[in-house]
Amino acid sequence: MPPTLRWTLLGMIALLSSCAAPAPQPGPAPTAASADRFAARTMIIADVAPILAALPPDLETVDAPPAPADPAALAVWAQPADYWREVARRAGAMDGEDAAVATATRALLDAALSDGLALAERARAQGHAVSDNAVLAEIAWRMIAHAHPLRADAARAEADVGAWADYWRGAASAPGVITGRLLGAAVADAVIARPTAA
């Protein structure tokens with residue numbers, strides 16, 4: 001290889017090496033805030049502290065209702081958020097809800113359910129027993145009743161089953177169900193009462 005070509009190739013190799021992507025640098029160490037996977041999410045409830053502070057510190061004795069005679073009645077509660085979305089969709093369809101209103105109503109329900117699960121996790125971190133199914137049931141039936149008053153009784157009857165589904169399956173305690181319903185009611189009330197954009 002002629003010397004001039006060799007030096008040209010060496011120069012090109014050196015140039016390409018200098019253009020290589022820098023080695024990845026380690027990110028910042030996790031903080032207590034970043035460890036909470038809900039810390040960075042935007043909640044639609046302006047102030048969650050009063051909701052968490054109002055939860056009863058300890059519920060020891062709670063009378064639970066009997067489980068449905070047919071165990072298959074609990075199958076629909078395996079995916080409670082999806083089931084509640086379908087209940088809301090049916091309520092809107094029966095009321096002849098406009099498509100744009102239905103979309104907005106469903107989006108608000110989804111946001112409220114998401115907030116409810118976020119608060120349930122925070123409540124558990126504070127030592128409360130909380131059933132997620134109970135939280136979702138209480139939020140959903142109240143918001144469906146608010147948007148579709150004629151469907152309130154049916155939605156509440158669904159909630160009375162859905163809230164206890166995890167208890168009957170052995171996945172939640174009775175006090176956890178009651179706390180979940182209290183938390184869900186507070187979330188629903190806060191979402192319904194929030195100011196809407198003009």
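I begin with Gly127, which counts as exposed because its relative accessibility is 64%; buried means under 20% relative accessible area, exposed over 50%, and partly exposed in between, with a 1.4 Å probe and protein chains only. Gly127 lies in the loop between α5 and α6. Its C-alpha atom is separated by 8.5 Å from that of Pro57, 70 residues apart along the chain.

This is a predicted model, in which local features need pLDDT of at least 70, side-chain atom pairs count only at pLDDT 80 or more, and totals for chains, interfaces and linings use all residues. Residues are numbered from 1 along each chain as its sequence is written, and side-chain values use heavy atoms, with hydrogens and water left out.

The pLDDT, the predictor's confidence in each residue from 0 to 100, averages 81 over the chain, and 77% of the residues score at least 70. Over residues 1-40, the pLDDT is below 50.

I turn now to a helix pair. Helices are DSSP runs of H or I with at least four residues, numbered from the N terminus. The axes of helix α5 (residues 99-125) and helix α9 (residues 174-193) come within 10 Å and cross at roughly 140°. Axes are lines fitted to C-alpha atoms, for helices over the stretch in contact, with angles from 0 to 180 degrees between N-to-C directions. Contact means heavy atoms within 4.5 Å. On the α5 side the contact involves Leu108, Ala112, Gly116, Leu119 and Ala120, and on the α9 side Leu183, Val187 and Val191.

Terms used:
Helix = DSSP H or I, 4+ residues; strand = E, 2+ residues; numbered from the N terminus.
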